[in-house]
Amino acid sequence: MKKHSVLLLIFMFIASLAQADTAPLRDEFTYPLPAGSVNGTVGESGAVRTVVDTENKLSVTGGKLSSSGGKASPAFGDPGFWLPAEARVAGKMLIAEYTSTASGKYIEVGFDTNTEGGMSGTTVIFNRSESSAYFSGISGLSSSYIDVWEAGTWLGVNVLRTSGSYLFFKSPGSNVFKLMDIAENSTTTPLYPGVANYSDVAEIGFLHIPSTLWLPAPLTSDGFSAATSDGLGHAEGVAGGLGSGGAGKVWTGATWGVANGVLGNTPTLGEETLTNAGFESWTSDTNCDDWTEYKTGSSTINKEATLIHGGAYSARLDVDESSSNVAIQNYSVLAIHVWYSINVWARSSASGITFRIDPYVGLVGLSKNLGETWTNYTVTDRSPTANPIISFRRHTGAPGSIYFDDASIKVIAPASLFRTTRESTPNVMVSANLVLTAGTQAGQVVRLDDPANPQNFVIAYHDGARVKLDSCIGGTYVNRISAVATYVASAPLVVVADGTSYDVYYNNAKVGSTSTFSDAALDGNLYHGTFSTYSGNTVDNYRCDARGNEGQWNILDALSVMPQQPKPRIMSK
């Protein structure tokens with residue numbers, strides 16, 4: 001009878017452990033180990049630790065995996081700490097608590113592709129020398145997502161997708177998790193949970209992989225197969241199941257439409273602002289009414305009656321043998337801060353001659369290689385001053401003639417620039433894949449006040465040459481970020497609005513620096529969406545996610561806290 005009671009007690013003890021341990025992996029560094037003795041030991045879930053530590057800098061003390069730093073020969077991954085391989089499963093997450101204190105050093109925490117050297121999987125890299133944190137290895141990202149280092153203890157959650165990962169942070173002193181990155185393009189498996197150090201003084205409080213699979217769902221997701229959002233703007237929405245969502249949202253924007261699986265916009269244009277737009281009125285054969293001439297050398301501007309697009313005349317710019325510059329210009333009647341469309345028909349006397357449309361003096365605008373047939377060209381921009389001078393000019397190429405006809409300058413109706421949905425938070429991460437025509441603009445809008453009368457908002461966009469971030473308060477624009485960024489068709493543009501800070505990323509690289517500004521007119525604005533100035537631009541794979549400022553991702557708190565091991569119950573005879 002005693003033998004049976006003992007066996008029953010052992011069985012119940014094992015069963016209680018199995019019930020309590022709901023995580024497939026858990027290492028909380030409960031039992032102290034001196035430096036140099038961590039390799040080959042096991043954590044709470046029985047996972048065997050693999051350690052590289054040639055100078056005996058890694059120990060377990062005070063319930064932390066501690067690295068003392070100060071290596072004579074620093075190297076990435078020495079000390080390094082890895083747990084056994086994990087298969088990639090969508091929704092599997094690694095939760096880590098870590099503190100880094102040494103200036104100018106590195107620590108990497110995340111999923112690695114092997115158990116040596118620096119980490120090369122889906123990894124968070126804390127770089128104290130640049131006072132920033134990185135998320136790398138899965139999207140080719142080389143720019144920081146966190147520009148200001150905060151001393152203290154961080155919680156990081158790396159959630160695997162079928163392809164790619166999500167990253168969430170809870171920074172020191174914060175009570176919310178924030179969505180920091182969404183990456184698409186890695187399917188590597190297996191992966192090793194671990195820590196790679198570069199002589200950093202750091203502590204790891206725990207590494208957890210809960211048994212619960214979880215993926216975040218976007219506020220809005222649209223692959224543009226219907227008038228309302230279809231939920232197909234992200235991979236999980238296409239696959240269905242865990243992480244799907246964002247369907248059924250009603251869009252504003254009457255000038256926008258869905259065709260062939262992409263979104264386009266044909267903005268509403270106002271009345272013609274040009275006088276003598278067709279170059280029909282001339283005071284003399286070399287003096288076009290309502291236009292001014294700019295010419296150097298012996299280049300000339302002339303009335304042309306043979307090669308015309310419409311009407312009786314066109315403007316011919318004859319470029320001399322020295323290829324001297326020549327331009328025909330218009331002092332527009334545009335107001336400051338309005339978006340406008342410039343359109344002109346052009347051709348040349350021979351191929352290899354280029355011309356340029358400058359939307360205003362001081363801006364080098366769109367350059368096009370002309371041919372010997374009439375072709376229509378469009379440039380859109382925002383007027384930085386009242387009455388900007390708009391110029392059609394010879395740019396490069398051999399001597400010859402350039403012809404202009406049937407020009408147009410029209411204001412774009414502000415409400416027709418945007419297509420938005422109303423969300424539950426002003427703090428968002430908005431992304432979309434863009435295809436655009438150089439010299440026009442396409443991107444995203446956040447924190448828009450009124451779709452019918454937009455006065456206050458923030459836009460991020462590409463114009464074919466640069467990526468920009470502008471704020472608009474009461475109809476007055478201020479450029480906040482402007483940086484050269486090579487245009488790649490269908491590359492993603494991401495804008496993050498987080499409190500008073502704004503970040504822009506293009507093609508998986510950060511653009512410029514974080515822009516910080518505030519205005520009461522932006523506070524609480526809940527419309528976010530797309531922005532385009534031209535009918536030839538398209539948008540695809542749109543998603544809008546909550547940043548997390550209001551606690552949208554605090555389900556991760558429950559997953560971060562693992563159940564305590566209960567003491568075995570002692571059964572009497």
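This is a predicted model: local features need pLDDT of at least 70, side-chain atom pairs count only at pLDDT 80 or more; totals for chains, interfaces and linings use all residues.
Figure 1. You'll find serine 401 in strand 30, which covers residues 400-412. Its side chain makes a polar contact of 2.6 Å with the side chain of aspartate 318. Aspartate 318 also turns up in the contact list of serine 401, along with Arg316, Leu317, Arg347, Ser348, Ser349 and Ile353; residues up to four places away in sequence aren't counted there.

**Figure 2. Glutamate 423, tucked into a loop.** Here the spot to look at is the loop between strand 31 (418-422) and strand 32 (428-435), where glutamate 423 lies. Is glutamate 423 buried or exposed? With a relative accessible area of 4%, glutamate 423 falls under the 20% cut-off and is therefore buried. The side chain of glutamate 423 meets that of lysine 249 in a polar contact of 2.5 Å. Lysine 249 is also among the residues in contact with glutamate 423, and the others are Leu219, Thr220, Leu526, His528 and Cys544, once neighbours within four places in sequence are left aside.

Figure 3. Strand 42 runs over residues 538-546, and alanine 546 is part of it. At 3% relative accessibility, this alanine is buried. Which residues does alanine 546 touch, leaving aside neighbours within four places in sequence? They are Leu179, Leu219, Thr425, Asn427, Gln552 and Trp553. Now check out alanine 217: it sits 329 residues from alanine 546 in sequence, yet their C-alpha atoms are 9.3 Å apart in space.

Figure 4. Alanine 183 belongs to strand 12 (residues 178-183). Its relative accessibility is 0%, so alanine 183 counts as buried.

**Figure 5. Arginine 161 and glutamate 184, a salt bridge between distant parts of the chain.** The two side chains meet with an N to O distance of 3.3 Å. This pair links loops 23 residues apart: arginine 161 is in the one between strand 10 (153-160) and strand 11 (165-170), while glutamate 184 is in the one between strand 12 and strand 13 (192-198).

Figure 6. Lysine 71 and aspartate 78 bring their side chains together in a salt bridge of 3.2 Å, N to O, and both residues are buried. In the other bridge, aspartate 358 pairs with arginine 356, and their closest N and O atoms are 2.7 Å apart. Aspartate 358 is buried, with a relative accessible area of 6%, and arginine 356 is buried too, at 13%. Elsewhere, salt bridges with shared partners tie Arg161, Glu184 and Glu236 into one network. Across the structure there are 20 salt bridges.

Figure 7. Leucine 213 comes from the loop between strand 14 (201-209) and strand 15 (220-222). This leucine is partly exposed, with a relative accessible area of 38%.

**Figure 8. Two buried cysteines, plus the chain as a whole.** Cysteine 288 is buried at 3% relative accessibility, and cysteine 472 is buried with a relative accessible area of 2%. How many disulfides does the structure hold? The count is 0. Zooming out, the chain has 3 helices and 42 strands. Of its 573 residues, 53% count as buried. The accessible surface comes to about 22600 Å², with 54% of that belonging to carbon and sulfur atoms. Among contacts with a separation of 6 or more, 67% are between residues 24 or more positions apart.

Terms used: Residues are numbered from 1 along each chain as its sequence is written. Side-chain values use heavy atoms; hydrogens and water are left out. A disulfide is a pair of cysteine sulfur atoms within 2.5 Å. Buried means under 20% relative accessible area, exposed over 50%, partly exposed in between (1.4 Å probe, protein chains only). Helices (H or I, at least four residues) and strands (E, at least two) are DSSP runs, numbered from the N terminus. A polar contact is a pair of N or O atoms within 3.5 Å; within protein, one must be able to donate a hydrogen and the other to accept it, and residues adjacent in sequence count only if both atoms are side-chain atoms. Contact means heavy atoms within 4.5 Å. Accessible areas come from the Shrake-Rupley method with a 1.4 Å probe; for residues, only the protein chains shown count as cover. A salt bridge is a side-chain nitrogen of Lys or Arg within 4 Å of a carboxyl oxygen of Asp or Glu.
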